[in-house]
Each structure stands twice: as C-alpha cells, then as structure tokens.
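We will go from one stop to the next, with a short note on what to find at each.

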Amino acid sequence: MASAIAEQVRSGADARAKWFVSGPAIVAYIACLEFPIHLPNPGGYGFFIDELYFMACGQHLSWGYVDMPPLTAVQAWAARALFGDSLLAIRIFPAIAAAGLVIITGAIVRQLGGGRFAQTLAALAVLFAPFYLSFGSYLSMNSIEPLLWMGCAMIVIRMIQTGDVRLWIWFGVLAGIGLENKDTMLVFGFALVAGLMLTAERRLMANRWFILGGLLAFAIFLPNLIWQIQHHFPHLEMLANIRRSGRNVAIGPIGFIGWQLLGMQPLAAPIWLCGLYAFLFSDAVRPYRALGYAYLVSLLLVLISEGRFYYLAPAYPMLLAAGAVVIEKWTERPGRGWMRPAYLGLVAVTGAMIALNTLPLLPPREYIEYTRFMGFSEPKFENRKSSDLPQFLADRFGWPEMVAATAKVYNDLPPEQRARTAIIGSNYGEAGAIDFYGPALGLPKAISGHVNYWYWGPRDYSGESVIVLGAPRERLEQGYAKVEPKAEVGNQYAMANEHFTIYLCTQPRGGRTLAQIWPRLKNWD
C-alpha cells in the first residue's frame, strides 16, 4: 500500500516537472515577457497623444464617439478607477491583452496539432512582431483587437473539430464586443463567414445557433449603432475628411504588402506565409481552409476600402500558428533538427533588435543614436512633421511642459478674468493634456473643436477671454481684436506642430459668443 502511494506521488511529481517544460508552459513564459517589455518606462516617455484623449473620453462615457466605439473609453475609465492615474496603471490592460494574444496563439497551435517547438515559434513570432509590440505599448482600440479576432478564429476551429454549433453563441459575444471596440470587427466577422461559405464547413451555419449568434452580436453592437444613427454617422464623415486632407501617407497595394512584411517582422514572414499556404493548399489542415480564405477576404476588403496599413494585423496569429506547425513537421526529418534552435534564436534576436527600434525602451538620445547606427527607423505613416524621433514616440513628449506653461498664463490673469477664461486646444492631445495634468495646477477643463470634444461644447464660456493652444496668430486675429502672445512651448523631442505660441485672446469681433461660432469650430480630421 505504502509503495503504491509513493509511486503515485512520484508519478504526480514527474507530471508536474514535465509540465514546466511543456509547450503550454513555454508559451506562458513568453507571454509573461509582455509585462517587463511594456509596463516599465526606462526611456522616460510620457502618455501617447491618443491616451490623453481616451482618458478624457473615459470621463464622458457614452455609447459612441466620433472616432471610435465605446470600449476604449470604458477601458480608460476602468483603469483609472481600479489602478490610478499613473502611466503604469493606464497600460495594464494593453499589456494583459498582449500576453493574452501570445496565449491564444499557442492554443491555436495546439488545436492544429502543433507540438512544443511549434508553440514556442509562434509565441515568439507574436511577441516580437512590431505590430503587436506597438499595440501592447499604449491604450488604444488596437491593443485588444487581435485578441478578439483570434478568439473568434479559435471558436471556428473548435466548431470545425467538434461540430458543436452551440459555440456560435460565444462567437456572437466576442464579435459583439469586438464591434464595441472597433468597426473593423465587421471585416473579420464577414471574412470568416465568407470563408466558411467557400468550403464544406458551410454546414456549420445551417442551424439556429448561427442565427442566434448573429443576433447576439447585433444586440451587443446595437447601442453604438443607435448612437451613430442619432449623430448621423460622424465616423464616416471623419474618415472622408481624413482622405480629403491627405493626412495619411499614401502607400498603395504594393506598399501595403510591404508594411505587412515589416509589421510582422521580415524574418518571421516564412512562418505566416507557410501558414497561409497550408490553410489554402495543404491536406494536413484542409478542414480549416476557411481561415485561409478569411485572411484573403480581409486583405481584399482592407485594400478596397484603402484601410490603414495595420488594419490587417489582428489576422496574422492564426497564420503564424499554422505556419509554425508546418515548419515543425518539416524540421522533423533527419538532418534538419539543428534548424529549430537556429530559427528560434534568429527570430528572438532580430525581434529584440526591432523592439528597441519600435518601443519606448531607450531614452530619446540613445534611441536616435541606435537607429542611426542600425540604419533604419520607423517608417513615416502620417504627413506630419516629426522631430528626431518618429511620430509614434514623439507624440509622447511635451504635454506636461505645455500644461505648466498654460497654467502660468492662466494663473497670472486677474481673478475676475480668470473665472471666465476658457482654454482651447487645437487638437485632442492638447485638450486632453489640460484635462489630465491641469487640475493639479488649478486649470479648468479644456474645450476644443477636435473630434468628440466638439460634442462636449463650449460649456458655459462666452468666449470673451480665451487662452488658445496650437493655433496660428493670423487665424485668431480673424475672430479677436486683441491677440497677445504669452508663452512659447515645445519639447525638443515633440512633434513639430506641438511647438507653438500660447495666445491670450480678448475682445471678440462682432460680439459673437463661443456658442454662436461653435458649429464652425468642428474639426473632424
């Protein structure tokens, strides 16, 4: 009896020891690396411009915003309520989402029959892909989007394997949440359904559960849809304005494909290309051919709609998973075993080098020297003049200094004038910075005509006295008889448009109030 118990104890201990070196364990270790990569801030960078705006939206919770559905604002509100206002607190959810993407990629590999090497390779490829490194480094719609897309893909895989069509309910839940996060969920949801329709797995849709899942997704999305209808689809108006303004760098179809290679790390391209080929042509993964078609349909839709270069990024983990399985099987042949550690090392080393180029890990001066030494930096994706830093990093500088300078101007005003003086930001970053940093310095909330700030209106300000950020003097003189320069702002690493003069404007021409001219201040670009 005692020997039997001892044998069971040894067996249990052996099983636990084996788990710690198993595929799922290694994937978990790699996922944990997301936290030291994203949560510390060794470079001394501040909040990204969009984060300042998202935190302001979190203080005005709604079922919709000009430029996004509500989920990002809810994340901003929840992060501040749970963890506080620190940079670390605001980025906990993106880091968790990044780790979750590694975990679900490993799970997809296992569902496709991949072993420990395949799981490790796919997890490393996801960890070091520049797209996902960027997404996990700040709060945005993009941080959670790949996790939602791959959750839907995982459910489709499970339905193909088990035939359990009741899983359409969970697909509907994830798709609905995805629609409350970003409208591009429509692209992937449609693409997955189209992929199933193009294969024998269309059988999975011939039941009431498919209809129920669709209705559930629609029900979750409905509040945002109603908001869009009530506000005459402002997001579409904003997208049209952006196209007309030429704000985004035009890349064309060839440039778009080039961005996919860069954004997923060039040396990882063989993995996802093998995965795409396997989904489309390999007998080994024939049942999952719908996923290959879903990628192609998504690619086509994004190209037709002239979507941004990163819109397709959430689709790649499933290709990486399939490609890792293919490479694992190919390297099982005699004489090819050495390729496994070699390729893992290559992906990890080059990925770490690219991470230093992509993330705010190096202080600005060291970053600039590093990119010059390496001979490459982040490609430009907007037609805005940056500093020595690329836009993705430059937009994290200058905000506290700008607010401090504004506070000096504001607090130097006579008390009676100060009480009726509004602070106007030319963009949501300037207004969001005032809202975030300003209260500690005695500043009121900012107003702005940029995106959703326009809906929040001029509040109770008449416009007789305004402090204006980021606007040219000649434009201000069209509306005010007295325009006084009060301070100069501009961090050396900040974007060029964040180097400007702060003006105090009084004596509005024609006696017009802010409420009267507010419709003309709308800036949805």
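A salt bridge here is a side-chain nitrogen of Lys or Arg within 4 Å of a carboxyl oxygen of Asp or Glu. Before you select anything, note that this is a predicted model, in which local features need pLDDT of at least 70, side-chain atom pairs count only at pLDDT 80 or more, and totals for chains, interfaces and linings use all residues. Residues are numbered from 1 along each chain as its sequence is written, and side-chain values use heavy atoms, with hydrogens and water left out.

**Salt bridges**

Start with Glu484 and Lys486, whose side chains meet in a salt bridge with an N to O distance of 3.8 Å. Relative accessible area sorts residues into buried (under 20%), exposed (over 50%) and partly exposed (in between), using a 1.4 Å probe and protein chains only. Glu484 is partly exposed at 24%, and Lys486 is partly exposed at 40%.

Next, select Arg473 and Glu477, a salt bridge with its closest N and O atoms 2.9 Å apart. Arg473 has a relative accessible area of 32% and is therefore partly exposed; Glu477, at 33%, is partly exposed as well.

Now pick Arg91 and Glu51, joined by a salt bridge at 2.6 Å, N to O. This pair links distant parts of the chain, 40 residues apart: Arg91 sits in the loop between helix H6 (87-90) and helix H7 (92-111), and Glu51 in helix H4 (49-58). Helices (H or I, at least four residues) and strands (E, at least two) are DSSP runs, numbered from the N terminus. Are Arg91 and Glu51 buried or exposed? Both are buried. The model has eleven salt bridges by this rule.

**Nonpolar cores**

Select Tyr132 and Tyr295, which touch the most other members of the largest nonpolar core, a set of 95 residues. Such a core consists of buried Ala, Val, Leu, Ile, Met, Phe, Trp, Tyr and Cys residues joined through side-chain atoms within 4.5 Å. Another core, of 78 residues, lies apart from it and includes Ile368, Phe436, Tyr480 and Val483.

**A buried threonine**

Go to Thr72 in helix H5 (71-83). Its relative accessible area is 0%, so Thr72 is buried. Contact means heavy atoms within 4.5 Å. Beyond neighbours within four places in sequence, Thr72 is in contact with Phe54, Leu139, Ser140, Met141 and Asn181.

**Two positive phi angles**

Most residues other than glycine have a negative phi. Phe233 is not a glycine, yet has a positive phi of about 50°. Look for Phe233 in the loop between helix H13 (208-230) and helix H14 (234-245); its 34% relative accessibility makes it partly exposed.

Val451, also not a glycine, has a positive phi of about 35°. Val451 is in the loop between helix H24 (428-437) and helix H25 (452-456), and is buried at 1%.

**The last stop**

Finish by selecting Ile424, Ala471, Arg475, Leu476 and Leu521, the closest to the centre of the second largest pocket among its 32 lining residues. Strand E1 (421-425), strand E2 (465-469), helix H26 (473-476) and helix H27 (514-517) each supply at least two residues of the lining. On a 1 Å grid over the protein atoms alone, a pocket is an open set of points where a 1.4 Å probe fits, with protein on both sides within 12 Å along at least five of seven lines; lining residues have an atom within 4 Å of a point.
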